[in-house]
Amino acid sequence: MSELLLPPEHRYAKRIAAQLNEDGSELSILNLGPTHPATHGIFQNILLMDGERILEAEPTIGYIHRAFEKIAENRPFYQITPLTDRMNYCSSPINNMGWWMTLEKLLDIEVPKRAQYLRVIVMELARITDHIICNSILGVDTGAYTGFLYVFQFREKVYEIYEEICGARLTTNMGRIGGFERDWSPKAFELLNTFLEEFPAAWKEFENLFERNRIFIDRTVNVGAITAEQAMAYGFTGPNLRAAGVDYDVRVSQPYSSYEDFDFIIPVGKSGDTYDRFCVRNAEVWESLSIIRQALAKMPEGNDFHADVPDYYLPPKEDVYHNMESLIYHFKIVMGEVPVPVAEVYHPVEGGNGELGFYLVTDGSRTPYRLHFRRPCFIYYQAYPEMIKGALLSDAIVILSSLNVIAGELDA
Amino acid sequence: MALETIQIQDKLTETFGSTVSDFNQEKDIFSFEVAADNITAVILFLKNDPLLRFHFLTDLCGIHYPDNDVDHQFAVVYHLHNWYENKRIKIKAYINGENPEIKTISNIFLSTNWMERETYDFYGINFIGHPQLKRILNMDEMISFPMRKEFPMEDSGRTDKDDRFFGRTTDNY
């Protein structure tokens, strides 16, 4: 059977030939993915199995590779935001803001405090939606569909807030160099307040459904555990690393967008297993809610929503029609003809899954000379074969969804 | 005591002499260049030295500079991070354009396994000693290295996107 699937020199074929079990059974190969509903994205893993146990795994990635880095080298800076949306599409505002902050670092632009706070709010909302998806889908994979349906309506509520801010829902393309494209409407704040009132009760109930659930605990505790040393060697960041007990968070170690003004804790786990990853994400949602409340409470007066940088920030449309200066700036910005220094910057933000970094090299032209995305999913997914070694097939599914590997970010 | 950039610089020049060069502070990141032959030694030193402790590799990627002289046509960029002191550094190693190769560091940092594969995939940089250097995001049958600058993204015969109209030359990458 196996020679139909694999050339005889393949390491699996060799291992199958070498190992015959006493009862006459032999090792088998299972093709998990690329498009299986349980893998939540296009991942292929060729598994070598002994019955239900996984002995080895070989991941194949790149099924939705879209060459974003190459495209970015051929686009003016403001046209790169839609590309960043499509990496981690569960929390695209974080990607958008990370990209704008990279440019602001390059151009030394100081963003007004109010705009920074608005950014913090939208980034934390994005983190909440990211964790809603990860944790509720983890529930689905362990057989609990109700919790998923229950909290998923709140993702919808968050999308309505995005819609009010920027007009889009999933791939938001939100913001501009120096701030937002328009001020947040009163309706946006109204929706945000309703969300802050209604969501905590639902999230509490979601937690209650799972945290002491016998079936859930049996399925997740000690499943896919990774030690802190291993996790760091594999380049883990974000909730998956914190579940292993390392309190590294970019928001604290290198505060951006005024995160230093807010009081929050970094939840950490202990064993780095699936259950700890679930709990860390749960706890992070509470911290995010607290950050949003603090940001709303501390929000500076006024209506600053962008920095005063006419070279980079599009003028109001009505001025473009009536004012020569504005027309010129508008034309130059749209054509990408903005002054850009020759420099190299690296800017990290805490994405939904870890440190999302933008390494930008410019040569003074209207496009980046080189733009590299440090995509946390891509880096930690390489530990997956190691994590599922010796696990059951059903555990492999649970581990994959608890790692929250997003295909768009994995393949870029 | 915070780790000062001058300490990093002194320590490295003391150990590696002139193979580490061009120290400068770029925005918030301290960066320098390393001769490609020495890259594994420098990274191992940075990781294990009790003072420096750059124990986390954040990022690895390649850059193509076709206009440079032949020995500097590719660069591999390493971002290291010391979480104890919260210090980031960036290391650049230039390599030859005709025969781009550099030693792997995947035995020092496990996480670079796929990052090196990605760099190989897009730039054709050969990481000597890598356990499984094959394409990762593109298909195995592909023969080109698409992130090299000589590969245009779009049909180069298009006239509606001519940069000359905006005061730039056509070989503006």
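**View 1. The contact between chain B and chain A in the predicted model.** In this predicted model, 27 residues of chain B are in contact with 34 residues of chain A (contact: C-beta atoms, placed from the backbone, within 7 Å). On the side of chain B that touches chain A, β3(B) provides the largest share, six residues. β3 and α3 of chain B each supply at least two residues of that side. Helices (H or I, at least four residues) and strands (E, at least two) are DSSP runs, numbered from the N terminus. By class, this side of chain B has 16 nonpolar, seven polar and four charged residues. Ala, Val, Leu, Ile, Met, Phe, Trp, Tyr, Cys and Pro count as nonpolar, Asp, Glu, Lys and Arg as charged, and the others, Gly among them, as polar.

Residues are numbered from 1 along each chain as its sequence is written, chains are lettered from A and ligands numbered from 1 in the order in which they are written. As the model is a predicted one, local features need pLDDT of at least 70, side-chain atom pairs count only at pLDDT 80 or more, and totals for chains, interfaces and linings use all residues.

**View 2. The sheet of chain B.** Five strands of chain B form an open sheet of mixed pairing, in the order β1-β2-β5-β4-β3 (two strands pair if DSSP finds at least two bridges between them). β1 (20-26) and β3 (56-64) of chain B are the edge strands, each pairing on one side only. β1(B) pairs with β2 (residues 29-34) of chain B in the antiparallel sense over five bridges. B:S31 in β2(B) is the bridge partner of B:N24.

**View 3. Two helices across the sheet.** Helix α1 (residues 5-16) of chain B lies across β1, β2 and β5 (87-95) of chain B and runs at about 170 degrees to β1(B). Helix α3 (residues 112-123) of chain B lies across β3 and β4 (74-82) of chain B, at about 5 degrees to β3(B). Axes are lines fitted to C-alpha atoms, for helices over the stretch in contact, and angles run from 0 to 180 degrees between N-to-C directions.

**View 4. Surroundings of B:A93.** Not counting residues up to four places away in sequence, B:A93 touches B:V34, B:A36, B:I39, B:A75, B:V76 and B:I102.

**View 5. The domains of chain A.** Chain A is divided into domain 1 (2-60) and domain 2 (110-337), with bounds from an automatic or database domain assignment. The centres of the two domains, taken over C-alpha atoms, are 38 Å apart.
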